[in-house]
Amino acid sequence: MGEGIGDYTKNIVDLRRHMWGAGVEVELRRLIWQIAVVGKYISAKIHEANRKQAGFKNIYGEEQLSLDRGADDILKNQLQFSGFVRQYASEEQDDIIKIGSGSEKYIVTADPLDGSSLVDTNLAIGTIIGIHKESVFDTGKKTMAAALYITYGPLITMVYSAGCGAHEFVLNREGEYVLAQENIRLKEKGSIFSPGGLRRDWVPQHLKFIENLEKEGYKLRYSGGFVPDINQVLIKKGGLFTYPALQKSPNGKLRLLFELQPMAFIMEQAGGRATDGRKDIMTIKVEKLDQCSPIYIGSSTEVQMAEQFLS
Ligand code: AFP
């Protein structure tokens, strides 16, 4: 058998074995495993929607919307019986919902299908998960136990951290998540930047920051999908993603609880940083489920540069 993911003569480390080896506590590693399995079902739903589009009919707004809801249903129903989750909050729900008996160890937050408006373009989209020990209405530094995201692209990949480094897995043909790389470490300084929002809406300090990156020769990499855009900074081991404060929306567009905290948790575990331009994302208290925040996330050099321009 040739080299590569399908070569099982090598030492294959699957997700469960990796978490056991990394000392992740048993309930958390079972929960992470169950969520990773849900990724397969969500991926199947995306392909089902795309099959509709292939030669049958395009999926429009309502259909895409149902994809978001479908992904949320799959996640919620699976977590309902996990035995480890007492509350579930997602971008598709109006409020936090109680699932399980109420005595379970964790609270799960989800952006079940981030970037769903990109499904009809066949660009990569993703699922973002935060796992909390205590009430989510606090800072991520206090409440978060783990975070993961799944990228539905040419391959299905999953990155997780349970506070013991950031690790990437690829879903292989046999339906196993096998280790692709562990303890991912960002370089101090990268070479790509991913700037969200419209240039005409940026505040002057942010515009000057971006112009400085362009002057220094950073390459622009922006797909409009938060998960693949962040994943690119992590897997290329450096660079910066930003969705800034805009003149009309000073808190930017991305959700602190569902999108920014999980990615900040993972990026910090990979030696990177994440701020709103002044404060670390993980020290910002969540007051409301739909609270948004500007974000500068990636290598420490670029994040610090942003803070200097914005201060
Ligand atoms: P959708 O989920 O509506 O596709 O939005 C995706 C997203 O929330 C996030 O994934 C992107 O980083 C961001 O929006 C892109 O926003 P712009 O379209 O304003 O660049």
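**View 1. Contact of helix α5 with helix α8.** In α5, residues Q205, H206, K208, F209, N212 and L213 meet E302, M305, A306, F309 and L310 of α8 (contact: heavy atoms within 4.5 Å; helices: DSSP runs of H or I, at least four residues, numbered from the N terminus). This is a predicted model, in which local features need pLDDT of at least 70 and side-chain atom pairs count only at pLDDT 80 or more, while totals for chains, interfaces and linings use all residues. Residues are numbered from 1 along each chain as its sequence is written, and side-chain values use heavy atoms, with hydrogens and water left out. By class, the contact of α5 with α8 has six nonpolar, three polar and two charged residues (nonpolar: Ala, Val, Leu, Ile, Met, Phe, Trp, Tyr, Cys and Pro; charged: Asp, Glu, Lys and Arg; polar: the others, Gly among them). Helix α5 spans residues 204-215 and helix α8 residues 300-310; they pack at an angle of about 140 degrees, with axes 8 Å apart (axes: lines fitted to C-alpha atoms over the stretch in contact; angles: 0 to 180 degrees between N-to-C directions).

**View 2. Packing of helix α6 with helix α7.** Helix α6 (residues 226-235) and helix α7 (residues 256-269) have axes 12 Å apart and an angle of about 15 degrees. They are therefore roughly parallel. F226, V227, I230, V233 and L234 of α6 make the contact with E259, L260, M263, I266 and M267 of α7. Nine of these contact residues are nonpolar, none is polar and one is charged.

**View 3. Residues around the ligand.** The ligand is surrounded by 13 residues, and the closest are D114, S117, Y222, F226 and Y243 (a heavy atom within 4 Å). A side-chain N or O atom of D114 lies 2.4 Å from a ligand oxygen atom. For G115, a backbone N or O atom is 3.0 Å from an oxygen atom of the ligand. A polar backbone atom of F226 is 2.8 Å from a ligand oxygen atom.

How values were computed:
Helices (H or I, at least four residues) and strands (E, at least two) are DSSP runs, numbered from the N terminus. Angles under 35 degrees count as roughly parallel, over 145 as roughly antiparallel, 65 to 115 as roughly perpendicular and the rest as oblique. A polar contact is a pair of N or O atoms within 3.5 Å; within protein, one must be able to donate a hydrogen and the other to accept it, and residues adjacent in sequence count only if both atoms are side-chain atoms.
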